[in-house]
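Subject: Structure handover

Hello,

Here is the structure I said I would pass on. My notes on it follow below.

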Amino acid sequence: MAPKAKPKPTAAPAVSIEDLFTTLNRHIQRSEYEQAVKVADQVLSVAPDDEDAIQCKIVSLIKADNIDDALSTIVALSKKFPFNFGFFKAYCLYRQNKLDDALEALKSLEKDSATMLLESQILFRQGNMDASVDVYQKLQKSKIESLEINLIAGLVSAGRATEVQGIMDSMRVKATSSFELAYNTACALIEKNKYSDAEQLLLSSRRIGQETLMDENLPDDEVEIELAPIAVQLAYVQQLLGNKQEAIASYTDLIKRNLPDEPSNAVAINNLIALKGSKDVSDGLKKLDRLIQKNSGDQSFHLVPGLELKLSPKQKEAIYINRMLLLLHSNKIDQARELADALPQMFPTSVTPVLLQASVFVKENKAGKAEELLWKYAEKFPDKSKIVLLARAQIAAAAGHPQIASESLLKIPDIQHMPATVATLVSLKERSGDIEGASAVLDSAITYWSNEMTEESQLSVIMQEAAAFKVKHGKKEEALKLFEKLVKSHNSIEALVGLIETAAYTDVEKAETYEKKLKPLPGLTSVDVNALEKTSGAKYVENGPHLGNNNVEVHESKSKEKVKRKRKRKPRYPKGFDPANPGPPPDPERWLPKRERSSYRPKRKDKRAAQIRGSQGAVAKEAVNAGNTKSSQPSNAKGSSSNAAQPKPSSKSSRKKSRN
């Protein structure tokens, strides 16, 4: 019997596009983005030019964090269809941290709330905080969810924390309206040095966050991850308040828990290293090496992917700076130099990299190269030269180059005439032997403060020090004029004393004239100065009388009294003692121990005797031979040769003989 033929498989019924879009929508609502991409491909296989399906695929790829696939899909479909995917392309470039390309892609798009919001985020990531805040402020009239949160964060990052309260009042929002806004407002309080208020607001933020996230039915571990930035910031506030041990415990606990929130972990590690300083250098380097990676091709550095896109430029720079300092503390100069050379390209607008490069030269005892590097940078970027010139002055002063140090300080105009700067410049000029230059610095400071008639004027201080300096270096005429100005303008007793002392060298009559203005000291009215000058001087008497109002008169009255003489008494002798025949005097050392008396002689130990070893009664051969040689020698010492070398007595034997 012939076998039955197999039935042909029937074709699957075609699924309508409506059903596919229904399935696609269901996957998107459930956040099943990988499945949504597959369904979108099914739709595109039926209708390749369906714009909605293309957008759903691109958004699903972005939501699934497949940014590279999303960007390649945009590029490929843009060549086939005339659809405008500029916004999605800009967002993908933003996610890839290609910020300049992302801004360029946005330029061709119409300015609406979505593009402006993305632009502000890109500017924020670039570190251009002021421009980011300006865009946010233009969006205040738009009804964008959580706009105030991002705006406050931008203001804090831009260093405009003082504007936060005014913006919140204008937007009619309270700090406690959400835990994110409370967190950002607390950061603004930290910038304004209101640490206690910031701590209370952070505690409120944590409480509000726990209530909000628990209402959303999030599990406890995800709630902890969401609130990790608040925990790190609370530890930072404890650090600022001086509670060092509490801050260390909080940072350590956060690091041990190893939460999936990589930015919070990185900030906790960085702050803990900064708090410990030079302690546990090796452990700090190990922790930072987990955050920093090195490119094998161009020898540059970058953070791990989870941090490179989420940390601000300021936070990234702090991590690199701490690693650099740890390398210097551990004397790993080669690695420190390699990192220092890479930092200027990574943070071109920051002045810290050039300071770190100079510190490497100083560590290598190449102060001259450090001074040259800082000088070139100050000339190239005069608006950032203040801190660079201060560093150069410090390095030069420590290296024994006072002239270079003073030259650096003289290039900083806004601190030129401050008392501390003037004192430093005068000291440096003195060290370099430039007395005229030091005097010119003081004269310039006097001229400056004479024109600055404010409550904070330092004229009297500068003039007093200038006059003392001129007296010290023999310019008494100039010092006399300064003292006279001080006496007339400020009526200073110190200046009056200095004036009299200085005038005594040049103009005695003027000194006597001003001497009359001095108030006499109480209790010295009866002292004869001429008689006092003829005396040999006062002698120190322990527990003697202190100078008071009537001490001189009491001393004079006592000197007039006759000194009473003590009556001599006959000595009392022991019973039966005849002072006419006292006998031999007693031994003055009779009360000393025997070991301390001069007549004491310790027992000698003959070290020359050979050590006898062996059975009892045995005699050493050396002793027998020594006895035989002694007996064979002549008894007369004079018969021996005069050229024979005499053994030197030991130091101990010489001391014993000297005592005999």
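A residue is called buried under 20% relative accessible area, exposed over 50% and partly exposed in between, with a 1.4 Å probe and protein chains only. By that rule D253, with a relative accessible area of 40%, is partly exposed.

This is a predicted model, in which local features need pLDDT of at least 70 and side-chain atom pairs count only at pLDDT 80 or more, while totals for chains, interfaces and linings use all residues. Residues are numbered from 1 along each chain as its sequence is written, and side-chain values use heavy atoms, with hydrogens and water left out.

The chain as a whole

The protein chain has 34 helices and 2 strands. These are DSSP runs numbered from the N terminus, with helices being H or I of at least four residues and strands being E of at least two. Of the 660 residues in the protein chain, 34% are buried. The accessible surface comes to about 44500 Å², and carbon and sulfur atoms account for 51% of it; areas come from the Shrake-Rupley method with a 1.4 Å probe, and for residues only the protein chains shown count as cover. Contact means heavy atoms within 4.5 Å. Among contacts between residues at least 6 apart in sequence, 48% join residues at least 24 apart.

Two helix pairs

Two packed helices are described by the angle between their axes and the distance between the axes. The axes are lines fitted to C-alpha atoms, for helices over the stretch in contact, and the angles run from 0 to 180 degrees between N-to-C directions. Angles under 35 degrees count as roughly parallel, over 145 as roughly antiparallel, 65 to 115 as roughly perpendicular and the rest as oblique.

Helix α19 (residues 313–329) packs with helix α21 (residues 352–363) at an angle of about 5°, and their axes are 11 Å apart. The pair is therefore roughly parallel. On the α19 side the contact is made by E317, I321, M324, L325 and L328, and on the α21 side by T352, P353, L356, S359, V360 and K363. Sorted by class, this contact has 7 nonpolar, 2 polar and 2 charged residues. For the classes, Ala, Val, Leu, Ile, Met, Phe, Trp, Tyr, Cys and Pro count as nonpolar, Asp, Glu, Lys and Arg as charged, and the others, Gly among them, as polar.

Helix α24 (residues 402–409) and helix α25 (residues 419–431) pack at about 150°, with their axes 8 Å apart. That angle makes α24 roughly antiparallel to α25. The crossing of α24 past α25 is left-handed, meaning that the near helix is turned anticlockwise from the far one by less than a right angle; clockwise would be right-handed. P402, A405, S406 and L409 of α24 meet T424, L425, L428, K429 and R431 of α25 in this contact. The residues involved divide into 5 nonpolar, 2 polar and 2 charged.

D253 is found in helix α15 (residues 244–257). Its C-alpha atom is 9.6 Å from that of A268, 15 residues apart along the chain.

N258 sits in the loop between α15 and α16 (262–276). Most residues other than glycine have a negative phi. N258 has a positive phi, near 50°, and is exposed, with a relative accessible area of 57%.

A266 lies in helix α16. At 1% relative accessibility A266 is buried, and it touches L291, L307, L311 and I319, not counting residues up to four places away in sequence.

Other loop residues

N97 is in the loop between α5 (86–95) and α6 (99–107). N97 also has a positive phi, about 65°, although it is not a glycine, and at 25% relative accessibility it is partly exposed.

A64 lies in the loop between α3 (51–63) and α4 (67–80) and is partly exposed at 23% relative accessibility. A64 and A36 are 28 residues apart in sequence, and their C-alpha atoms are 9.9 Å apart in space.

Is K475 buried or exposed? At 16% relative accessibility, K475 counts as buried. K475 is placed in the loop between α27 (459–472) and α28 (476–490). Leaving out residues up to four places away in sequence, K475 touches E436, S439 and K470.

Regards
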